Amino acid sequence: MMEEVKEAASVLSVHDDSIKVTEVLKDGDTLTFIIVSQKLSGTGEYHVDRTYEDFEWLQQHLFSQEDVPGIQGVIFPPLPAKPQVNASSRSIKQLGFLALGECQPYCKALETFLQQVAAHSILSKNKAVEVFLTSSDPPGRQKVKKNIFNRLSQAVEEMRKEGHKDVDEFFQNERDHNLVLTGCTKTAAEKFLDVVATEQKIAVACGHFSTALHLCVEPGEDPDKQAFSRVCVKLSEVFESIKKNMTSVAENNVNTLGLGLDLESRYQEAEREMLFRRTCKLVELENARRNTEKAKPVKKAAMEEVKKAAETEFEHISGVAKQEIERFQGARVEMLQQALVSWCEKQLLTAKESADQFNQHLEVFRGMA
Amino acid sequence: MADTARDAPPEQTDFHELEDGEELFPEPATTQESQPASLAAEDISTNSNGPKQDSLFDDDPEDLFAEATEEVSLDSPERDVLLSDGPSPAITPITPPTSVITPRIGHTHDDMFTHSSFDEIEEEEGGDSFDIHISVSDPEKVGDGMNAYMAYKVTTKTSMSLFKRSEFAVKRRFSDFLGLHSKLASKYLHIGYIVPPAPEKSIVGMTKVKVGKEDQSSNEFVEKRRSALERYLMRTVKHPILLKDPDVLQFLESSELPRAVSTQALSSAGLLRMVNKAADAVNKMTIKMNESDAWFEEKQQHFENLDVQLRKLHTSVESLVCHRKELSVNTAQFAKSAAMLGNSEDHTALSRALSQLAEVEEKIDQLHQDQANADFYLFSELLGDYVRLLTAVKGVFDHRMKTWQKWQDSQMLLQKKREAEAKLQFTNKPDKLQQAKDEIKELEGKVQQGERDFEQISKTIRKEVSRFEKERVKDFKTIIIKYLESLVQTQQQLIKYWEAFLPEAKAIS
């Protein structure tokens, strides 16, 4: 049951699935993203420009909704890591698939983030979301109060809590399962990235070969020379086709399955964080209970209060968490299915196109008497 | 190239044009009677370009074949010539085609093949079109330890009357191939024929095989070698002159082959070193050859350029092959990780789809491997072959220069002798004078022979180059078509895989 929130809850005035990150502008080292969304009222669209810092601002606001009961049970849509114009190799590695291509994968990831926030029953009510999507002024850059989500590397004691046994079988299973799945997904995403990187290398090598062939072309009227030059030119075209094919294959990989694996991986991490928060709360609760039992009569009442508060919070969190998990499980299957289907369709199309092209080249060569 | 010679009339006229066309040299063609009797042993033909006995066993320090020893040898000129034991042991020295101008010479040999030039071959053979296919297969390790070797089965299928049977096979080892090449090179290179180089020796590769290491790399090595030997033989028999050489026929047909005396036979690395030495030697002699024929200069430049380009292409393809292999490895790893993901997945349909995904990726991995092989065996080896062939081409050009130099040397010597004779006229030494006159007569013959040799090698090279250029175009086209076919096939396989996977993906929910 939702209590009255201090901050006026707002209703989002745009269609969540209409949110698009349409382009990115580069100005020196600064990247600005253009975000377009359709008004619910049907009277047009909002165009806003936001930097990565603005996204962080939004995320901070979402994290700091302490007055929303059970907020810690929310699986927060993951925000991609910060992009850099002249990216260091470490940051490229961190971004994985999102670092590839011009910026299409990255923009898509930002777009997905916004859509998921806007579609979230709890999060979309935060005023910051409305401000972010509709205000023509950049959202405030003021420092937001420290939030409860410290995503930086957890201290060792915190890590030990992660293994704390659960009181609820449902959650224990989910925690175990999440652990395994997170590892597998991350590995699969990394291996797939390696595949794409090699495909790109092949494309480049084909380009080089194609260029080198042009250097073999010799002027002159000697019929043998002309014949050989013709062969070289045609072969060069063949390798251009091979290059195009490889490039398409790599792009398809990135834009469909690559993005899918990347999102799945980050979402698994987000679920893990949520489960961890709940576990921490459980530890807190168990400590509170113990303290209450051990407390001297003088302190007992105060301890009771603390214990009761912890119990209520824990209940809320668990309630929200359960809903979130169920929603998440459904959403991720759908997302992965979509990724797999569009991946397969795109690769099928590319293969057909390439087969046609190669056949054409083959006919040309066969006809070259 | 006998087939093209037969089929394409333009080519025939080409030959004739060369024949009747402008003389390469202003001096009048020599005739039979000016042939001094004291000229070299058996070879009294005027325009014979046969292997002169003198040049064969000439321990002329300029003899470039002195360098043709095993590839890891030191290149000392003093090393005795380990030319192949001369021409094939069973048969006395063969005369390769003589010019069409003179009738057949009175050789004392009862050689089987006294074909004249290309023209006469066409007329004589009539209708025996080029139809021969050689395959090298079934590599078999013979023996143990460091004395072990690989024996290959060489199968010939042909309808040509040149052969006793239409299909036959023999067992040969690598040194036999090297031996064959060595014999052909010693017979034909120095008179201007482009003899295809034999495959490279490889100490590392063979040691692995000998030691018995049955892993992928040694299998690849054997396959690479088998393929190279096959291409080598096909190139050799495609040459109309080489095809008829008794050494070649013996190699293909006879079940027992005398072991090549030295496995330090002419390898292509040795050949390359020899050619380089030739180039150095030529440069050292500071031959300022009066190239009266721009054609040769232009062709030499052309081949220099081609060499550079082909090497670049070869490097480019090698890097492509490398990346493809890497792609195969990465795909296999991704397939494994997808399988693990599928196993960990709770959702049944998604789990199944992910497992299918893993299978598809494994199949794609196989496609990548096949493609890498195509890249390599078709392109990389083709380019490598041509880079090596070009060394043989450069070799004949260098031989021509050497021939020219020899001719010039004779001329200069003649000049000196004439001057000396003139001086002797005024002294009263009749026997010395007679000696001088005799020497002059001998030298005049030498000069004429030198000129004829030069003319002949120039003519031969022109034909050879023309043949080479045509073969090159055909070769490349054939390989490219094979390659494109493999590309098309790969895409069609991919289409099948994706079409099979799509319903699985759609069935997830």
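1. At what angle do helix H1 and helix H3 of chain A pack, and how far apart are their axes? Helix H1 (residues 52–63) and helix H3 (residues 104–119) pack at about 25°, with axes 13 Å apart. Axes are lines fitted to C-alpha atoms, for helices over the stretch in contact, and angles run from 0 to 180 degrees between N-to-C directions. Helices (H or I, at least four residues) are DSSP runs, numbered from the N terminus.

2. This is a predicted model: local features need pLDDT of at least 70, and side-chain atom pairs count only at pLDDT 80 or more, while totals for chains, interfaces and linings use all residues. Residues are numbered from 1 along each chain as its sequence is written, chains are lettered from A and ligands numbered from 1 in the order written, and side-chain values use heavy atoms, leaving out hydrogens and water.

3. H1(A) and H3(A) are therefore roughly parallel (angles under 35 degrees). From H1(A), A:Tyr52, A:Phe55, A:Leu58 and A:Leu62 meet A:Tyr106, A:Leu110, A:Phe113, A:Leu114 and A:Val117 of H3(A). Contact means heavy atoms within 4.5 Å.

4. Now a single residue. A:Glu190 sits in helix H6 (residues 169–214) of chain A. A:Glu190 is partly exposed, at 44% relative accessible area (buried is under 20%, exposed over 50%, partly exposed in between; 1.4 Å probe, protein chains only). A:Lys93 is 97 residues from A:Glu190 in sequence, yet their C-alpha atoms are 9.4 Å apart.

5. On chain B, an unreviewed UniProt entry lists residues 433–460 as "coiled-coil region". In the model, residues 433–460 of chain B are 100% helix and 0% strand. The end C-alpha atoms of this stretch are 40 Å apart.

Notes. Helices (H or I, at least four residues) and strands (E, at least two) are DSSP runs, numbered from the N terminus. Angles under 35 degrees count as roughly parallel, over 145 as roughly antiparallel, 65 to 115 as roughly perpendicular and the rest as oblique. UniProt positions are given in the numbering used here, feature names are shortened, and annotations may be inferred rather than shown by experiment.
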